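Open the model in your viewer and keep the selection panel at hand. This tour goes stop by stop.

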Amino acid sequence: MKRLQLQRWSSSVLGPRTRTVNRLHQHMYGQRYQSTASPIQTGRVPEDSIIEDSTPLDEKLSEIIRMSHARHSQLQYPSPTVEAAQQSAKLAALHARLYLPSRLPVETLARTLVDASADSNTDFNNTSLATLGHDLLSYYTTEHLICTYPRLPLSVIFAAMYAYAGPKTLAAMAREWGVELASVPGGEVDPGLLQFQRLEPGSEVPDTPASDTVRPYEQQLNWRKTVTSKVFYDDEFGDPIKGAPNTTATGVTSEQASAEFVRAVMGAIYLHAGRAAAKQFFEQHFLSRHLNISELFNFRKPARDLTRLCAREGFERPVAKIISETGRKSRHPVFVVGIFSGNDKLGEGAGASLMEGRERAAVAALKGWYLYSPLSVRVPSAMEEASAAPWKPVHVDLGEVVV
Amino acid sequence: MATSIAATKRPFLTLPFLLPSLSDSLALGFRRNQSSYRRTKQRLRVKPDASFDPSHQGRDHIIHNPPSSAPSVYHTPSKFLPADDVRRASSPTTVTTNAEDLPGVYKSMPERKYHLTPSDVEEIRNLRLNDPMTWSRNKLAKRFDCSPVFIAMVCQASPEKREIQARILEAVQSRWGPKRRMAREDRQLRREAWGRDA
């Protein structure tokens, strides 16, 4: 039997610390040490530095002085300097890990990591990129949902939007991407860390809508807010639009900062690499997340809704029938109830009572209606590609059942 | 192999005179178990499904034994497909031929008569408004030969009557103990879970 050469194999399996290096290799190249701390950024030496005229000084001393000067110059800015981005290993790793297009420079990636609460200068924080990325995310998610499931009720669309592109999801994505948070923002911080001013512990997160919303009668808290009005007055998740950020609050939560970062990455890709790259990034990182839309429904009176739906669409009146049952007189009976419209079975459900089976069957039938998906789904943004096929109108539904 | 072992073992175990000295004390210990190899095999030898019946074997057929699970909600019933969808013509799978033969959930489906006139509705409203204690929903439904749901659709009890009713309900519920209260709340929660399909 041939002898295994473990050393050659282990290089790909073992980590760098435990790797077995043969003596010759060690002798020729020496032991390599790695440190987890990022190297101190050495910026360009200022013109009026004292190093120029102090050449006879000890080299080590001049090095220390230069470092302290660089550190001094870094400390005067609220966020890392642009030159520091090239030196950061974390940034390069993040760029490679996300498989970002090479046309997106690490300097821009560093800018996406600076929140507005860390650096209020809009030329250096990610606000503009995040605004663009937020609009792109909303647009791509909305068109995907509406074209794939043209009959979804609005409340379900809001919930699905929140699940795909809501702040909680974006924060989870930033965590999955391995973005670490800086404790305190500053010019000397590694630009690969997400920089934002944290909220003081114990301070309340403002979740009430700002007073200057466009919605009329906002003060009438008891009035019902219809789902339709949310389309006009609220944001894409059906939540009230937050006004300008509160000036008294100095910081943001890590969730808000992470969400802003992910949006800013989207905007940066769009700006540097173009529409196609942004679309691809969206499909790879957002649409690839699994969301079971059928779990977002919540019906109060499914049987009544189904009756109204059948009346609206001109189908025969739905009738619940027992398909099979077992143990009717026992402690745990099971009834399988189907809802039929004429000879067509619309839905089927199993329950411990006839009522439960009927309600579940009605829920299944309503979900079957709402979760209709056309065979070949094309979204409007597909027309932006060169040499796109002519547009065929998508299926537009009457809308959800209103009782 | 297994049968030969069983054949050699069997006389040994069934002939207790081979172990004369330990006969009584060990008889209980050597008693045969239910879970012998052969018996387990016998239990597993169940009759195959009817679709595997050899009478089909003259011609080609598809063996289709659907699992005992509810159909996926992402599979739209063909009745719900829009008219321009190609799946509508190709898959009449949701059509059940014996829908009429199946028993209904209710003992009898009430026949819809649509016999009440606007004057009847006006009378219902008057009766309920003037004497709400006598003319409850059930009594009105019985008198006008319609369902209580219809009575609720055309009129509503006066606020005083609703307040009295709420107080009665409160008085009844105040006599419930913790067990009954929790059971009722659990039932309500379970019922709400039906709509979420949870």
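Domain bounds here come from an automatic or database domain assignment. For chain B, that assignment gives domain 1 (114–157) and domain 2 (158–197). Before selecting them, note that this is a predicted model, in which local features need pLDDT of at least 70, side-chain atom pairs count only at pLDDT 80 or more, and totals for chains, interfaces and linings use all residues. Residues are numbered from 1 along each chain as its sequence is written, while chains are lettered from A and ligands numbered from 1 in the order in which they are written.

**Stop 1: confidence**

Colour by pLDDT, the predictor's confidence in each residue, from 0 to 100. Chain B averages 81. In that chain, 78% of the residues score at least 70. Now select residues 1–8 of chain B, where the pLDDT is below 50. Beyond near neighbours in sequence, this stretch has two contacts in the model. A contact means that the C-beta atoms of two residues, placed from the backbone, lie within 7 Å. The scores of the model are ipTM 0.73 and pTM 0.74.

**Stop 2: chain B**

Select the two domains of chain B. Taken over C-alpha atoms, their centres are separated by 25 Å. Next, go to B:Asp145. This residue sits in the loop between α6 (137–144) and α7 (148–154) of chain B. Helices (H or I, at least four residues) and strands (E, at least two) are DSSP runs, numbered from the N terminus. B:Asp145 is not a glycine, yet its phi is positive, about 60°. Most residues other than glycine have a negative phi. Is B:Asp145 buried or exposed? It is exposed, with 10 other C-beta atoms within 10 Å. The cut-offs are 20 or more other C-beta atoms within 10 Å of a residue's own for buried, 12 or fewer for exposed, and partly exposed in between, with C-beta atoms placed from the backbone.

Move on to helix α9 (residues 178–196) of chain B and pick B:Met182. B:Met182 is exposed too, with 11 other C-beta atoms within 10 Å. Draw a line from its C-alpha atom to that of B:Ala50: the separation is 47 Å, for residues 132 apart along the chain.

**Stop 3: where the chains meet**

Show the contact between the chains. Chain B gives 24 residues and chain A gives 35. On the side of chain B, 14 are nonpolar, seven polar and three charged. In this count Ala, Val, Leu, Ile, Met, Phe, Trp, Tyr, Cys and Pro are nonpolar, Asp, Glu, Lys and Arg are charged, and the others, Gly among them, are polar.

**Stop 4: chain A and its domains**

Chain A holds 14 helices and three strands. Of its 403 residues, 31% are buried. Among its contacts with a separation of 6 or more, 63% join residues 24 or more positions apart.

Colour domain 1 (75–209 + 225–293) and domain 2 (299–383) of chain A. Their centres, taken over C-alpha atoms, are 40 Å apart. Twelve residues of domain 1 of chain A and eleven of domain 2 of chain A make the contact. Which helix gives the largest share of the domain 1 side? Helix α7 (residues 127–148) of chain A does, with five residues. By class, the domain 1 side of chain A has seven nonpolar, two polar and three charged residues.

**Stop 5: the core**

Select A:Phe261, A:Met266, A:Ile269 and A:Ala365. They touch the most other members of the largest nonpolar core, which has 75 residues. Such a core is a set of buried Ala, Val, Leu, Ile, Met, Phe, Trp, Tyr and Cys residues joined through C-beta atoms within 7 Å. Helix α11 (residues 254–273) of chain A gives the largest share, ten residues. Both domains of chain A give residues to this core, so it lies between them.

Zoom in on A:Ile269. Leaving out residues up to four places away in sequence, it touches A:Leu100, A:Pro101, A:Leu104, A:Ala277, A:Ala278 and A:Phe281.

**Stop 6: helix α12 of chain A**

Select residues 275–287 of chain A. In this helix, A:Ala278, A:Lys279, A:Phe281 and A:Phe282 are buried. Look down the axis: the buried residues of α12(A) fall within an arc of 160°, so they line one face of the helix. The arc is that of the directions from the helix axis to the C-beta atoms. These buried residues pack against α7 and α11 of chain A. On the other side of α12(A), A:Glu283 and A:Gln284 are exposed.

**Last stop: A:Ser387**

Finish in the segment after α14 (354–370) of chain A, where A:Ser387 lies. Its phi is positive, near 55°, in a residue other than glycine. A:Ser387 is exposed, with 4 other C-beta atoms within 10 Å.
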